[in-house]
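Student: Could we go through this model together? I would like to begin with the backbone.

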Amino acid sequence: MMNTRVDLFSARVPRYTSYPTAPHFHPGVTSATMREWLANLPEGLPLSLYLHIPFCDTLCWFCGCHTTVVNRYSPVQSYLQNLLAEIATMGPLVKGHKVTHLHWGGGSPTMLAPDDVRKVKKALDEAFDFAPDAEFAVEIDPRGMKQEMITALAECGLNRASIGVQDFDPKVQKAINRIQPYDETKAVVDALRAAGVASLNIDLIYGLPHQTNANVARTIELALTLKPQRFAVFGYAHVPHFKKHMQLIPEDALPQAEERFEQFELAHSLLSSAGYVAVGLDHFAVPEDSMAIAMKDGSLQRNFQGYTSDDAPALIGLGASSISALPQGYVQNKPEVPEWRKDVEAGELPVARGIALSEDDKLRRGIIEKLMCFLEVDLSAFGKSTGDFPAEMEALAPLIQEGFVVVDGAVLKVPQTARAAVRLVASVFDSYLAKSKAVHAVAV
Ligand code: SF4
């Protein structure tokens, strides 16, 4: 039985970037299902697009992304040919829907040659109908980034850059195989701003090997000098049986549960003191940023990138392994490039699996999303009360006892001081978790 705070934080629970979570997707959802769901999208429903570039030039040992290391450009180039074909196949299926948000992730989208960035953006512009004020965000690896790349992205309308930093301490960087001096990061930040990219996000990670409270504080101090509009502060998820390269991380140098918790709290307190608004579990934004505003006005959403102020109710994923989130359910593309390519070349949607949402899934998804975004859910907004969830309330008892959640009528609220426990509280409403064989990261 779990009975201490550390035991509770050591519980392995999903991050709930979707519900049901990806391990519950199944091959019963096919390309025919996806075509039918797209055809039945409500007229004029706004869309969000996600484009996956699954290549990097070196492997960071903490990485949990779907990516492959390449030391030649030819695999990237041939992937791009297929990606252009997938874009051309998808565009006509969502005619009449405005795209309000475009996100390129990976892998490293900045692996692309500058002219290929232009080519992909042109293909997207031709295939989809973008809203005039659409957001265009790209994940950026600053290491070795050239001015031509920044120019190409700016020309294509990039207006939000998400910059991977993780930690500035050289010893930590060595232990995760990601050497990235502060000066190199600052030069990229300055060049992006000079090119007119106004909004910047910085990704940091706690729980890395050799990290201490002192170097988390120093990293945040340095990162604050870059004045980003947003921070994302993720906990390192050590799953070496699932991601073999994580075996290269020295396990004896990993902070333990109590230290991880302290690092999480420290990041929260330093960023809050610096004037950032805490958003959901692990994001922070300046008060005038759209994410902080969405947090305040109740429109914040959870998605595969973490949190978003983009309120498009449908997300289309393009590229190997990407996931689409539609009102009817989730659909994942084939994760391995050769299989994905075969379908794309045949003009087919490269679907591997997915899940159709039942009414119960939709209810639980709504409750979990509210908790993950706002640390609070009013069950009466879903036409329910605590009495409708007897098993869940029983499972919440130890969390209530620890002060991780407060129940007031139909409202469940995670106090600010227990923010780190929100995934645990949300997991109580996950009806798939008990049946799951998937291994998740620890709660903090
Ligand atoms: S650059 Fe990003 S995607 Fe590539 S290995 Fe490093 S963390 Fe993973």
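Tutor: Let us start with G107, which is found in the loop between β4 (98-106) and α4. Helices (H or I, at least four residues) and strands (E, at least two) are DSSP runs, numbered from the N terminus. G107 is joined to G106 by a cis peptide bond, with omega at about 20°.

Student: Before we go on, what kind of model is this, and how are residues numbered?

Tutor: It is a predicted model, in which local features need pLDDT of at least 70 and side-chain atom pairs count only at pLDDT 80 or more, while totals for chains, interfaces and linings use all residues. Residues are numbered from 1 along each chain as its sequence is written, and side-chain values use heavy atoms, with hydrogens and water left out.

Student: Back to G107: which residues are around the ligand?

Tutor: G107 is one of them, and the others are C56, T58, L59, C60, F62, C63, S108, D141, R143 and R178. A residue is counted as near if one of its heavy atoms lies within 4 Å of the molecule.

Student: How does that shell divide by residue class?

Tutor: The shell around the ligand has five nonpolar, three polar and three charged residues. Here Ala, Val, Leu, Ile, Met, Phe, Trp, Tyr, Cys and Pro count as nonpolar, Asp, Glu, Lys and Arg as charged, and the others, Gly among them, as polar.

Student: Where is P20, and what kind of peptide bond joins Y19 and P20?

Tutor: P20 sits in the loop between α1 (5-9) and α2 (31-39). The bond from Y19 to P20 is cis, with omega about -5°.

Student: And what is phi of H210 near?

Tutor: Phi of H210 is near 70°, a positive value in a residue other than glycine. H210 lies in the loop between β7 (199-206) and α8 (213-224).

Student: Changing topic: how is the protein divided into domains?

Tutor: Domain 1 covers 18-356 and domain 2 covers 375-435, with bounds from an automatic or database domain assignment. Their C-alpha centres lie 29 Å apart.

Student: How much area do the two domains bury between them?

Tutor: They bury about 910 Å², 64% of it on carbon and sulfur atoms; buried area is the accessible area (1.4 Å probe) that two parts lose on being put together, summed over both. Y19, H24 and L281 supply 50% of the area that domain 1 buries against domain 2, more than any other three residues.

Student: How many salt bridges cross that interface?

Tutor: Zero are found between domain 1 and domain 2, where a salt bridge is a side-chain nitrogen of Lys or Arg within 4 Å of a carboxyl oxygen of Asp or Glu. The whole structure has 19 salt bridges.

Student: Which residue forms a salt bridge with K119?

Tutor: The partner is D116, and the closest N and O atoms are 3.6 Å apart. Both residues lie in helix α4 (residues 114-127), three residues apart, about one turn of the helix.
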